[in-house]
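Please open the model in a viewer and keep the selection panel at hand. The tour below moves from one selection to the next and states what is to be found at each stop.

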Amino acid sequence: MQSLWSLERPLVPVQDQDRGFPVRRVYCVGRNYVDHIREMREGDERDDPFFFQKPTDAVELDGARIPYPQSTHDFQFEGELVVAVGAKYRNGTPDTALECVYGYATGIDLTRRDLQKESVARSRPWEPGKSFDQSAPCGRIVPAETIGDIDGGDLTVSVNGDVRQRTRFELMIWSVPEIIAQISKAYTLQPGDLIFTGTPAGVGAIHPNDTVTVEITGLPSLTITIIDQQEES
Ligand code: MN
């Protein structure tokens, strides 16, 4: 048995830094692009943003080989911009929210869509569909000061080289500062927190041997490969 005292937080590599970003919590925005809300046929497009969390150890890095997860027949990708938090921030407002941003990364909100839909239908939490092992791939973090204005960027997601999602961040319903401010009214953000900011239209099922690549302007790309489900041990 591994010693409890050798456990450490997941570390996400940071551009031009020897030390990784130690992940504390992983927050995700439930819906943040009108076209994705329409493809999911859910909700009022003007609803307040809402949030869920994934376990910290769900974080996977660029190049990860991720086994097809248990308990699903509809495993899907959602390419997203990820915000890395570098300072304590609570009960904030959009005009100050970027003060707590350390940097940005590419991410994939891996989803067991069948379990998520079942949760929605039965008015249960989204957790089985969203908060499972290896469900939060995150690319190398680039410090905010080297990126400048992330809002002008765009996101492209390809599966086996075919473009499946493409959007511009200006199409977000809630901007990055608005998301941060809203989360900070419910939780105290702390250094090490990651925020997945929602996905546009084009989500879909993936299978063993599929490769998913997320590209965002100014950030290193993120690629994962799905492999066969692990044998029960
Ligand atoms: Mn998502």
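In which loop is Gln-134 found? Select Gln-134 in this predicted model: the residue is found in the loop between H3 and E11. Its phi is positive, about 60°, although Gln-134 is not a glycine. Most residues other than glycine have a negative phi. With a relative accessible area of 22%, Gln-134 is partly exposed.

Next, select Ser-135, which lies in the loop between helix H3 (127–130) and strand E11 (136–137). Is Ser-135 buried or exposed? Ser-135 counts as buried because its relative accessibility is 0%, where the cut-off for buried is under 20%. Display its surroundings: neighbours within four places in sequence aside, Ser-135 is in contact with Lys-54, Ala-58, Ile-108, Asp-109, Leu-110 and Lys-130.

Then turn to the loop between H2 and H3, and select Ser-123 there. Ser-123 has a phi near 55°, a positive value in a residue other than glycine. Its relative accessible area is 70%, so Ser-123 is exposed. In the loop between helix H2 (113–121) and H3, select Arg-124 as well. Arg-124 counts as partly exposed, at 47% relative accessibility. A distance drawn from Arg-124 to Tyr-27, C-alpha to C-alpha, comes to 18 Å, for a separation of 97 residues in sequence.

Which residues touch the most other members of the largest nonpolar core? They are Leu-81, Tyr-104, Ile-180, Ile-195 and Ile-224, in a core of 43 residues. Colour the elements that give two or more residues to this core: strands E3 (26–29), E7 (75–77), E8 (79–85), E9 (101–108), E13 (154–159), E17 (211–216) and E18 (222–227), together with helix H5 (176–186). H5 gives the most, with four residues.

Centre the view on Ile-195. Leaving aside neighbours within four places in sequence, Ile-195 is in contact with Tyr-27, Leu-81, Val-82, Val-83, Val-85, Ile-179, Ile-180, Ile-183 and Leu-189.

Finally, clear the selections and show the whole chain. Its secondary structure comes to five helices and 18 strands. The radius of gyration is 17 Å, close to the 17 Å that the globule rule gives for 233 residues, so the chain is as compact as a globular protein of that length. The C-alpha trace spans about 45 × 45 × 35 Å along its principal axes. Of the 233 residues, 50% count as buried. Among contacts with a separation of 6 or more, residues 24 or more positions apart account for 77%.

The chain exposes about 11,600 Å², of which carbon and sulfur atoms supply 44%. Colouring by charge brings up 23 positive and 36 negative charges, whose mean positions are 5 Å apart.

Methods. Residues numbered from 1 in each chain as written. Predicted model: local features only at pLDDT ≥ 70, side-chain atom pairs only at ≥ 80, totals over all residues. Heavy atoms only, no water. Buried < 20%, exposed > 50% of the residue type's maximum accessible area, 1.4 Å probe, protein only. Contact = heavy atoms within 4.5 Å. Core = buried A, V, L, I, M, F, W, Y, C linked by side-chain atoms within 4.5 Å. Rg over C-alpha atoms; globule rule 2.2 N^0.38 Å. Areas by Shrake-Rupley, 256 points an atom, 1.4 Å probe, with all protein chains shown as cover. Lys, Arg positive; Asp, Glu negative; His and termini not counted. Charge placed at Lys NZ, Arg CZ, Asp CG, Glu CD.
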